Amino acid sequence: MKPRSAFFATILASLAPWLQASPLSETYRVAGVVVNSTTDEPVPKVRLILRSPDNRTAPEFAVSSENGRFVFSAVPAGKFRLTATRRGFASQSYGQSNLADALGTAVVTGPGLDMQHLVFRLIPPAAISGRVTDDHGDPIPRGFVGLYRDGVLYGKRRVFETQFTYTNDAGEYRFPGVGAGSYYVAAAGQPWYVSNGPGIELGAPNAGGSFAHLGCLPVFYPNTSDPNAASPIVLRPGEEAAADLVLPTVPGANVTVDAGSSASLDFTSGAGVAQLSMEGVGGTRLYWPPSLDAGIPMFPGVPPGRYRLSVRKNQGSLPSLSGWQDIEVGSSDMEVKLAPGSLPSVSGRVVIDPPGSGSVRPYWISLRSEDSLFFYNHPIGPNGTFQLPPMPPERFRVYAGGSSALYNAGVTSDTAPVVNGVVDLRGGGDVQILVHVSAEAARLHGYALRGGKPVPGVFVVLAPRSDTHDPIDYRGFQTDADGSYDFPGLRPGQYVLFAVQDGSEFEYANPTVLRPFLASGQRVDLAASATKEINLTLPEPKPRTATR
Amino acid sequence: MNLRQTARHAVALALGCFLLCLSARAQPDAPPPQTFTLAGHIVNSVTGAPVPRVLVWLWGLPQRAVKPEGNPEAPPPPVQTHETLTDASGAFRFEEVAAGTWRLGAKRPGFEDWPEEGQAPLDARIDLTASREDLRVPLRPVTVITGRVADQDGFPVDGVTVQALRAEIVDGRKLFHAYGWAQTDDRGIYRLSNLWRGPYYLRVSGLSARTRAVFGRVLPSQATGESFRPVYYPTSPDLDSASPVNDAPGQELHADFTISMQAGASVHGVLRSFSASQPVKLELDNAAGEAVPARTEINQSTGEFEIADVAPGSYVVKASQSVRDETLSGEAPVTLAPGGASGLTLELAPGVEIPCRIRVQGQGEDGEPAADVPASIALEPVVKIETAIQEPISSQGGENAPISLHNVPPGKYRVEVSTSTGYIAQLQAGSKDLLQNPVLTVTPGTAPTLDIVIQAGGATVSGRVQAASGNLAGAFIVLVSARSPDLPVVDAVASPDGSFSLSHVAPGSYRAYAWRGRAQLEYRNPSAMALAGVEGVEVEVGSSDLKDVHVPLAGGSAQ
């Protein structure tokens with residue numbers, strides 16, 4: 001049921017009129033067994049939660065018995081999200097094949113549907129933990145540790161940061177609830193006798209003492225300072241990986257930030273933030289733990305190299321001012337003048353076409369950066385206007401969301417460049433945008449069938465036949481328990497429809513990966529306001545080759 | 001301000017005083033200074049074992065850097081430092097240290113970097129006039145508490161909050177301050193580190209999380225349908241019956257918890273008069289006034305909210321939001337049945353304005369009608385567990401300078417009024433007599449005027465602290481009202497011979513206590529005083545002065 005990726009889950013969260021409970025008063029049983037996905041053994045005492053996606057009915061709860069069996073005895077007709085939690089396991093959805101993504105299969109109740117033989121394959125979470133020390137064996141407390149996954153995000157393969165944490169007083173860290181896959185781990189920090197940690201003033205001894213210029217080289221697993229020499233840790237479900245990191249003590253330079261007085265940045269209270277980062281594996285960034293010297297951001301003992309220094313002023317949880325600069329650190333101390341500038345201010349209006357489209361309206365505006373993983377949702381007022389807090393000076397795709405009857409037709413602006421639907425906020429200033437949505441959205445739905453029988457849990461992809469460069473035009477759907485799929489809110493156009501067995505690592509928005517499917521998939525042309533039902537017939541699985 | 005911050009501020013203050021002293025002692029044309037060696041060992045104050053790799057530093061002004069007298073334009077001399085790390089035997093050595101006055105510091109993770117009382121020479125002043133190689137510097141190890149939180153089936157419970165609380169007595173009241181907190185990981189394991197001298201009480205409560213904001217037509221429920229009630233170490237349901245974990249500096253203490261998961265219910269309601277574009281904070285307090293961490297969620301398009309998975313009982317739901325430098329807040333009581341609670345409406349509003357009217361009566365010392373007497377008014381939030389420093393809402397004024405307390409959020413406050421030339425004869429909030437019970441409950445909307453009557457003058461109570469022996473300088477004397485121990489007290493500090501004088505005392509019945517030393521008396525709690533065997537002495541104050549009151553020193557002889 002879940003669309004691919006957390007971002008689209010947000011966008012499409014309420015696109016669910018077809019998920020409403022049937023007016024029929026009959027109720028149905030939803031039952032099955034929970035098994036460990038790696039051992040196939042039944043798992044008792046698992047808490048199962050059945051939720052209707054539109055929240056029209058209160059969640060229902062059940063607990064698996066000693067033999068792993070569970071039952072919801074009186075469920076109205078409809079589609080439901082079934083999730084399971086058990087202590088020691090991460091919360092997960094029915095039909096989920098990897099904890100690293102959000103794909104799941106909805107449970108569907110109704111006449112003729114058998115939901116009494118579900119097998120909930122509970123995936124044991126993997127974890128990575130370790131200790132970060134200096135080369136004398138002393139812990140690096142409050143060191144930054146990043147976890148980077150080599151996987152598919154927004155339909156394309158890339159390396160991206162999935163979690164970060166800071167080490168405890170003993171230099172220990174732990175990333176729990178990790179899905180199977182390939183991960184890089186990196187750490188940065190300072191010797192305890194140099195650093196006093198985030199938000200805390202550097203102590204008197206470091207002001208000019210003999211250790212003031214000592215720092216630590218950042219390290220990528222397995223203990224290399226070269227991101228290109230980093231090795232991934234490949235995890236299977238339930239695996240515990242240990243990744244101890246030793247940060248060599250080296251002479252470095254103290255990097256101090258002069259943010260100027262005009263921005264009146266208060267770094268001590270956390271209203272002002274200075275960040276130092278270097279490029280890590282695959283374009284990701286590895287951050288330095290922050291520290292202050294007499295209220296001024298100061299990164300002690302930074303090893304020679306190329307870094308990005310940024311400052312920002314926070315207002316609530318969002319920045320109001322920001323600036324960054326790439327710097328080359330050598331052997332001498334540096335003071336970098338970096339006054340943050342005003343961030344772009346974005347306001348605007350949603351225009352619904354054709355005018356007078358009834359009560360249909362979007363509820364929120366989404367900005368998704370093309371330059372980073374930043375995304376932000378903001379409510380739209382009843383009159384269709386919005387005034388966003390200051391945004392980072394990046395390029396954004398802007399979408400209006402909250403109604404399955406609409407599709408996003410484009411963005412225009414007289415005050416900022418818009419290229420291929422991307423609003424460029426790097427010029428700053430007051431930017432007004434118009435977000436055009438159309439009430440003439442198309443919809444495609446149907447069933448995945450094999451031998452005439454519905455196939456739940458396969459990944460159905462709808463992709464434009466010509467690359468539109470807009471990720472929202474690429475859709476993926478893991479079929480529900482009745483084999484159904486549904487793509488509402490579509491831009492009219494020419495598409496290709498096909499299915500793959502497992503969607504968790506499929507690059508459904510990568511035109512190169514899609515190329516072979518353009519020929520083999522089913523061509524679908526969707527006119528404005530059209531609703532089409534197409535059943536997708538899947539080939540019989542190839543017989544397994546006998547092995548000796 | 002926490003203990004460490006206090007310590008750092010103390011360091012800054014000490015350095016300031018120290019530099020001033022040195023400046024005063026500066027001599028023009030001082031001869032070139034001699035240099036000496038300063039060396040010693042760092043040892044664990046509990047085990048006596050040497051501690052390797054401790055950062056040891058000297059800071060201060062050598063004689064030659066002292067600013068010459070008669071040259072006020074000269075830039076201030078730099079503070080000099082020497083640093084080293086102890087070797088495997090815990091030894092440190094500074095060579096060629098200029099003669100002068102220095103301070104010694106030492107730190108290493110796992111040890112307190114501020115000295116215990118009498119733990120010289122750490123942070124002690126060292127007048128270096130000759131080499132010294134015999135310094136023995138004890139460092140007190142910190143306490144680490146780790147453990148595992150499991151449910152009744154033995155499964156680990158992740159994401160719950162474990163707090164380390166330390167009992168402190170402030171102004172005769174015991175309150176608990178949260179000194180550290182940790183969340184259990186996926187294995188149910190928590191680690192509370194770097195705890196300074198205790199003892200500590202431990203509290204396990206629900207999941208701590210920010211209020212999640214969603215937009216759109218629906219509010220997706222976060223409920224899992226199960227909850228647990230807070231547990232205090234070892235298995236107590238409340239703080240009053242809890243036991244502290246034994247203090248054992250340098251040891252890693254282990255405290256496991258078993259929590260009983262039970263059916264949880266959710267609170268559903270609607271927030272009104274809020275800004276859809278600013279974050280909202282939803283919180284829950286239990287009947288004991290303690291914050292109960294819970295998963296909270298609000299739909300900022302509709303105002304619908306959910307507080308998920310809470311044990312049935314009585315609570316207060318609180319909501320707050322910052323909008324353009326103004327804090328909007330609202331709260332409402334809720335009784336949560338096993339099936340949940342719904343239909344709650346919370347209205348956000350700015351804090352209330354509390355006008356204060358001050359009247360002065362009686363005669364001044366000159367026999368004339370008393371002139372305007374300034375008074376300061378403070379509203380101290382009443383909390384059982386202090387998780388952050390909460391500054392009182394305060395103002396100053398007088399009869400001719402009417403004042404108001406602005407933007408007071410809903411809550412319970414202790415009203416404290418003080419004046420230097422009289423006593424408070426009347427303190428009313430509407431019809432509520434705050435001299436009977438000074439706790440004022442502020443609710444959203446309007447608040448009654450605070451009526452304050454200051455009586456000029458008052459009696460003087462003088463006497464002597466009685467002790468078997470010792471210097472009584474610095475002993476504290478306090479008069480606690482017999483009417484209510486919550487009322488403001490009158491206090492003073494004794495002279496070396498034990499004599500004291502308390503002025504501007506209102507007529508009435510009191511109990512007087514005296515004590516000295518770092519330990520504080522919980523003098524507002526009669527049963528705690530009885531338990532500690534501190535009786536004090538009854539004092540009846542009329543309109544005239546009272547002399548020769550003898551107050552026994554708690555604990556017998558002075559130190």
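**View 1. Strands β12(B) and β15(B) run antiparallel and are joined by two bridges.** Strand β12(B) covers residues 201–207. V204(B) stands opposite V231(B) of β15(B). Strands here are DSSP E runs of at least two residues, numbered from the N terminus. This is a predicted model: local features need pLDDT of at least 70, side-chain atom pairs count only at pLDDT 80 or more, and totals for chains, interfaces and linings use all residues. Residues are numbered from 1 along each chain as its sequence is written, and side-chain values use heavy atoms, without hydrogens and water.

**View 2. Five strands of chain B form an open sheet with mixed pairing.** The order is β15-β12-β9-β10-β29. Two strands pair if DSSP finds at least two bridges between them. β15 (231–232) and β29 (385–386) of chain B each have a single partner strand, so one side of each is left without a neighbour in the sheet.

**View 3. Chain B meets chain A through 40 residues, which touch 39 of chain A.** Contact means heavy atoms within 4.5 Å. The two chains bury about 3,600 Å² between them. Buried area is the accessible area (1.4 Å probe) lost when two parts are put together, summed over both. R53(B), E83(B) and F215(B) supply 18% of the area that chain B buries against chain A.

**View 4. R174(A) and D185(B) form a salt bridge between their side chains.** The N to O distance is 4.0 Å. A salt bridge needs a side-chain nitrogen of Lys or Arg within 4 Å of a carboxyl oxygen of Asp or Glu. Chain B and chain A share 10 salt bridges.

Technical notes:
Chains lettered and ligands numbered in written order. Helix = DSSP H or I, 4+ residues; strand = E, 2+ residues; numbered from the N terminus.
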